[in-house]
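Student: I am new to this structure and would like to know what the terms used for it mean. Please show me the structure, and then I will ask about them.

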Amino acid sequence: MDVFRTDRIRNVVLLGHGGAGKTTLTEAMAYLAGMTNRLGRVEDGNTVSDYDKEEIKRHFSISTTLIPVPWDKVKINVLDTPGYFDFVGEVEEAVSAADAAIIVVSGKAGVQVGTQKAWNLCEKYKLPRMIFVTDMDVDDVSYRKVVEQLTELYGKKIAPLHFPIREDGKFVGYVNVVKQAGRKYIDKGKKEECPIPEYLDEYLEKYHDILMESVAETSEEFMDRYFEGDTFSVTEVSAALAMNVQEASIVPVCMGSPINLRGVSNLLDDICGYFPSPDKRSCNGIAQKTNEIFEANYDFTKAKSAYVWKTIADPFLGKYSLIKVCSGVIKSDDTLVNVEKGEEERLNKLYVLEGSKPIEVPELHAGDIGAIAKLNSVQTGDSLATKANPIFYPKAVISTPYTCKRFKAVKKGDEDKISQALAKMMSEDKTLRVVNDSANRQSLIYGIGDQHLDIVANKLKERYKVDIELSKPKVPFRETLRKNSDVEGKHKKQSGGHGQYGHVKMRFEPSGDLETPYVFEQVVVGGAVPKNYFPAVEKGLQECVLKGPLAAYPVVGVKATLYDGSYHPVDSSEMAFKMATILAFKKGFMDASPVLLEPIVSMKVTVPDKYTGDVMGDLNKRRGRVLGMTPDHQGNTIIEADVPQLEIYGYSTDLRSMTGGSGEFSYEFARYEQAPNDIQAKEIEARASKVDKAEE
């Protein structure tokens, strides 16, 4: 592939609801640009951008794919992102590398939750955007309805550039609002001029006026001409539009049918004409040596620097670090420093990726997106720069995973393979987290949703040939006591030769500190228990608090006082006193009104106002205590509640089904509280049945 200068590059991310047609649009772009000689279909599993086995099997995108599309001497780096919410991390990474966005809307489904999430993401990153309405080949699709929905949500910014022309319900051409001219499709998306049907005159006038008004607002001179009734030339309108689009004060709407290659070449022309090249966008890092802001701004004349926005760690493809060059020109034989870790990396080869196909290039200019293979120390979010000018770029903000499942190896002995495979997958997917919960002897895996975790399990099987079983995680209950007890423990054995003798009298009571397992005090007088056995008594306590006598959960908040006992000059030993302590603890704990404590999490749920009642009712069912409700002044309510951790399993799926996918939640551990009697009884019973099974 040719090397492109910064002004000849457009970095465009495709966003939108799952199933809106992003991958089909990418495929049509690649075909029209001559990159492929046949048009792949998602259903057939032969598209350029959905190459992963899981994507082919499920017919939807799971990860972001990069397709560099050459068009009219410009390289459009198309970032095709997943639409399903479980893969939001992939979308957030892609948006951090893009300079503009196409929000793809299905003409059939209209504006969906994913459309609005895509818009909000563009607002957050201040991305210029256009909207492309697909499925125009479907007979009863109403383009006008979609435009009205968009205008209702986003106001005057929405400016349709095209209108469909239909004959007998069939999509046969379009009206260009800027040129006020009609075009009819002929073979393979090509077109010829045609008259504008009369029934469209009213809409053309309406949307042409909106467009002219926006153009007039770009300068005082234009405003004067507009009020004088002067008309603007097509060149003037296009230049003003480009300025407005780059400032995101206008969002053009186009349409087409990518499956029939209609409307796609117009979109490619508009991307080249209206979207900014990287050098029109700002990009700042921090110069490590001076601690001052370094204005990279995708300037190819400045010192070399780049940001790693994504990692691919595929056992078949190998490891690739996807970079966006922030300044300078990076060449294949450069040696750069990983600014984060201070390690030097020799590049060897530079690539651009066409889906899964790496194509070698000699250099990448500022603003371009490419890939480097086998960088050992480099991870997603790292910055690369020269040793003389180390520049540090801020990391993209990636969503935190809150959906958690327990996992274990199906085959014994696979544990090491699984942890190595998961480490590779976590380097690729920043929304995946593995936690070893040693207190409850379980391994936990966190993801964005249930589907995300199912796909992780399938990828482990498919890619790395290891099987895991996912199940409901064990909630980390704790045990404590509420009253005082006074007990003795005696360990005495006689079996020829030396016997064993240990005898302790102990008091147990609440310590008042639920953060600490136990507090140990001794007030023995007169040497009833010699000092050298005190550590053995404490060892016995240490062992006991790991698994409480009530339901085998860790013990907290106990104060143990050793006040008396006895010993035998020959038969007493550390082991005997440790055993005596264990006997005393079990009896003393059970005598002091033991209770189970359950973890409580502080939860924040953000939902559109219309779903507030449903969500509140559901939180009450989960034994939640709603603490407050705050409007965010964007049509949403933020509900804050304390909820027992036991009740939040599966919450992400339930919240999505309650709110049509628009609800979001986060939580963090708050404290422990006494569990209700029914919950306590259930846990103790579960523990008893496990003990019975173990004995059988």
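Student: Why do the side chains of Lys395 and Asp382 count as meeting in a salt bridge?

Tutor: The term requires a side-chain nitrogen of Lys or Arg within 4 Å of a carboxyl oxygen of Asp or Glu. For Lys395 and Asp382 the N to O distance is 3.8 Å, so the pair meets the cut-off. Lys395 sits in the loop between β24 (391-392) and β25 (403-409), and Asp382 in the loop between β22 (369-373) and β23 (383-385), so this is a link between distant parts of the chain, 13 residues apart. The element names come from DSSP runs: helices are H or I runs of at least four residues, strands are E runs of at least two, and both are numbered from the N terminus.

Student: What should I know about the model behind these values?

Tutor: It is a predicted model, in which local features need pLDDT of at least 70 and side-chain atom pairs count only at pLDDT 80 or more, while totals for chains, interfaces and linings use all residues. Residues are numbered from 1 along each chain as its sequence is written, and side-chain values use heavy atoms, leaving out hydrogens and water.

Student: What makes Lys395 partly exposed, and Asp382 buried?

Tutor: Buried means under 20% relative accessible area, exposed means over 50%, and partly exposed lies in between (1.4 Å probe, protein chains only). Lys395 has 42%, between the two limits, and is therefore partly exposed. Asp382 has 2%, which is under 20%, so it is buried. Salt bridges that share partners also join these two residues with Glu340 and Lys341 into one network.

Student: How do you know that Glu54 and Arg58 form a salt bridge?

Tutor: Their closest N and O atoms are 2.8 Å apart, which is within the limit, so the term applies. Both residues lie in helix α2, four residues apart, about one turn of the helix. Glu54 is buried at 3% relative accessibility, and Arg58 is partly exposed at 24%.

Student: Which parts of the chain does the salt bridge of Asp334 and Lys304 tie together?

Tutor: The two side chains meet at 2.9 Å, N to O. Asp334 is in the loop between β16 (329-331) and β17 (335-338), and Lys304 in the loop between β13 (292-295) and β14, so parts 30 residues apart in sequence are tied together. Asp334 has a relative accessible area of 12% and is buried. In the whole structure the search finds 39 salt bridges.

Student: How many aromatic pairs are there, and why is the pair of Phe60 and Tyr84 called tilted?

Tutor: The count is 20 aromatic pairs. Phe60 and Tyr84 have ring centres 4.7 Å apart and planes at 55 degrees. Rings of Phe, Tyr and Trp (its six-membered ring) pair if their centres lie within 6.5 Å; planes under 30 degrees apart count as stacked, over 60 as edge-to-face and the rest as tilted. The value of 55 degrees falls in the rest, so the pair is tilted. Phe60 lies in the loop between α2 (53-58) and β2 (65-71), and Tyr84 in the loop between β3 (74-80) and α3 (88-97), so the pair ties together parts 24 residues apart in sequence. Phe60 is buried at 13%, while Tyr84 is partly exposed at 34%.

Student: What makes Phe60 and Phe87 an aromatic pair?

Tutor: Their centres are 6.3 Å apart, within the limit, and the 35 degrees between their planes make the pair tilted. Phe87 is buried, with 5% relative accessible area.

Student: Why is a space called a cavity, and how many of 30 Å³ or more are there?

Tutor: On a 1 Å grid over the protein atoms alone, a cavity is a set of points where a 1.4 Å probe fits but cannot get out, and its lining residues have an atom within 4 Å of a point. Its volume is the space filled by probe spheres set on points joined across faces, edges and corners. There are two cavities of 30 Å³ or more.

Notes. 1 Å grid on protein atoms, 1.4 Å probe; cavity = no way out; pocket = protein on both sides within 12 Å on 5 of 7 lines; lining within 4 Å.
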